[in-house]
Amino acid sequence: MVREIAITFYLFVFRVLFSLCQLFPQKKKTTCVASFGDNIFYTVNALEKQFDDYEIVILKTSHCKLNFSESGKRTVLIFEIKKIDHWIRSIYHLATSEKVFVDNYYGFLAAAPFKANVQCIQLWHAAGAIKKFGWQDPLILNRSPRAHKRFQNVYQRFDKVVVGSEHMANIFKASFGLTDKNILRTGIPRTDFLFDHAAMNEVKQSFADTFPVIKEKKVILYAPTYRDHALDMADLALDLDKMYRKLKHSYVLFLRLHPAVNETFENKFPGFVFNVSNYHNVNHLLVIADLLLTDYSSIPFEFALLHKPMVFFAYDLETYADEKGFWYDYEDLVPGPIVKTTQELIDVVRNNAFDMERIKAFAREWNQYSNGNASKQLIEAVFMADKQHTKAR
């Protein structure tokens with residue numbers, strides 16, 4: 001109840017300020033709201049390369065780890081109410097822009113009735129999905145009617161949702177109550193990096209300079225899904241001590257943890273375990289990883305493009321499936337061995353028990369529109385019609 005009251009008050013203030021700011025003239029401006037940031041980063045760069053006459057504003061939430069440099073036509077603001085001057089300026093830019101890109105669910109959209117000519121494009125932060133979200137999330141049943149109305153208002157703001165596959169097109173339609181006209185099949189912008197061999201080699205060299213051990217040993221990247229009840233490493237089922245004893249001669253373990261878990265992590269195995277949770281770009285971590293260890297995260301959908309092995313540490317599979325719900329049967333979906341204990345994981349790694357053809361098929365299926373030019377294709381799809389209309393006049 002207290003939470004709902006706080007949200008209602010926040011949205012009331014937001015709506016009042018947004019309505020006042022809409023009295024100002026609309027500008028040839030694109031505003032991007034970044035929580036994850038990766039897709040925004042590649043989209044903004046592509047926009048600046050293809051068109052030099054758009055003002056660009058990037059609104060960063062506290063969760064965004066990427067740094068966006070300011071330039072002559074690019075403004076970067078902190079989109080947090082605790083930074084009140086930035087927050088008010090952010091609302092002004094949202095209210096006076098022609099295009100708005102978002103990369104997550106943002107409650108403020110429920111209080112942002114854009115003008116009819118504004119396009120709001122959802123650059124969702126995942127190329128694929130294992131667990132359900134939106135209207136299909138089982139937990140939504142426990143939310144109030146007021147919350148349901150708010151969710152609907154947010155989802156209705158999405159004029160377009162960018163997808164990399166037909167699987168995700170269908171998932172978004174079911175999750176947000178959209179139709180086919182809302183789907184933009186241009187590919188996921190951040191996957192462009194995974195087709196750029198020169199950029200990837202540069203990242204590999206940079207990591208090798210920072211972590212010389214990876215020149216001699218293979219990297220296991222552990223990127224688990226955050227669980228509400230697991231607030232420190234002691235709650236996780238991965239036995240780091242056993243992994244150290246059995247794998248330390250051939251492997252190192254890079255950890256990509258949720259911030260709540262990362263705060264309590266103490267590294268007892270320096271030289272074997274490296275905490276990269278605060279590293280700003282997950283794409284870079286995928287490039288230097290020889291093996292991905294995950295569970296219900298969306299990270300395998302991008303990692304599969306690199307045609308490298310992965311293991312799924314689903315020690316709580318039945319419980320998690322009941323609580324969150326899966327889009328597809330987990331065992332049929334994931335393109336790698338499923339293990340439930342650390343010993344099973346070690347055995348799979350040692351035996352190199354991977355089906356690479358299945359990984360390649362998985363990559364093709366979930367990345368059918370992501371071809372290395374997704375950012376360019378997105379900008380052309382969203383902005384080219386405006387450009388042609390302007391020339392015609």
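Which backbone oxygen does the side chain of Lys308 reach at 2.4 Å? The close-up views below start with that lysine. This is a predicted model, in which local features need pLDDT of at least 70 and side-chain atom pairs count only at pLDDT 80 or more, while totals for chains, interfaces and linings use all residues. Residues are numbered from 1 along each chain as its sequence is written, and side-chain values use heavy atoms, with hydrogens and water left out.

**View 1. Lys308 and its polar contacts.** Look for Lys308 in the loop between α10 (299-303) and β12 (310-313); helices (H or I, at least four residues) and strands (E, at least two) are DSSP runs, numbered from the N terminus. The side chain of Lys308 reaches the backbone oxygen of Ala289 at 2.4 Å.

**View 2. Lys308 is buried and has no salt bridge.** Buried means under 20% relative accessible area, exposed over 50%, and partly exposed in between (1.4 Å probe, protein chains only). A salt bridge needs a side-chain nitrogen of Lys or Arg within 4 Å of a carboxyl oxygen of Asp or Glu. For Lys308, the nearest side chain of opposite charge is Asp290, 5.7 Å away; Lys and Arg count as positive and Asp and Glu as negative, with His and the chain ends not counted.

**View 3. An open sheet of six strands.** The order is β10-β9-β8-β11-β12-β13, with parallel pairing; two strands pair if DSSP finds at least two bridges between them. Because β10 (273-275) and β13 (338-339) stand at the edges with a single partner strand each, one side of each is left without a neighbour in the sheet. Further in, you can find Leu292 opposite Met310 in β12.

**View 4. Tyr105 and Phe151 form an aromatic pair.** Rings of Phe, Tyr and Trp (its six-membered ring) pair if their centres lie within 6.5 Å; planes under 30 degrees apart count as stacked, over 60 as edge-to-face and the rest as tilted. By this rule the count comes to 47 aromatic pairs. The rings of Tyr105 and Phe151 have centres 6.0 Å apart and planes at 75°, so this pair is edge-to-face. Phe151 is buried, at 8% relative accessible area, whereas Tyr105 is partly exposed, at 27%.

How values were computed. Polar contact = N/O pair within 3.5 Å; in protein donor to acceptor, adjacent residues only side chain to side chain.
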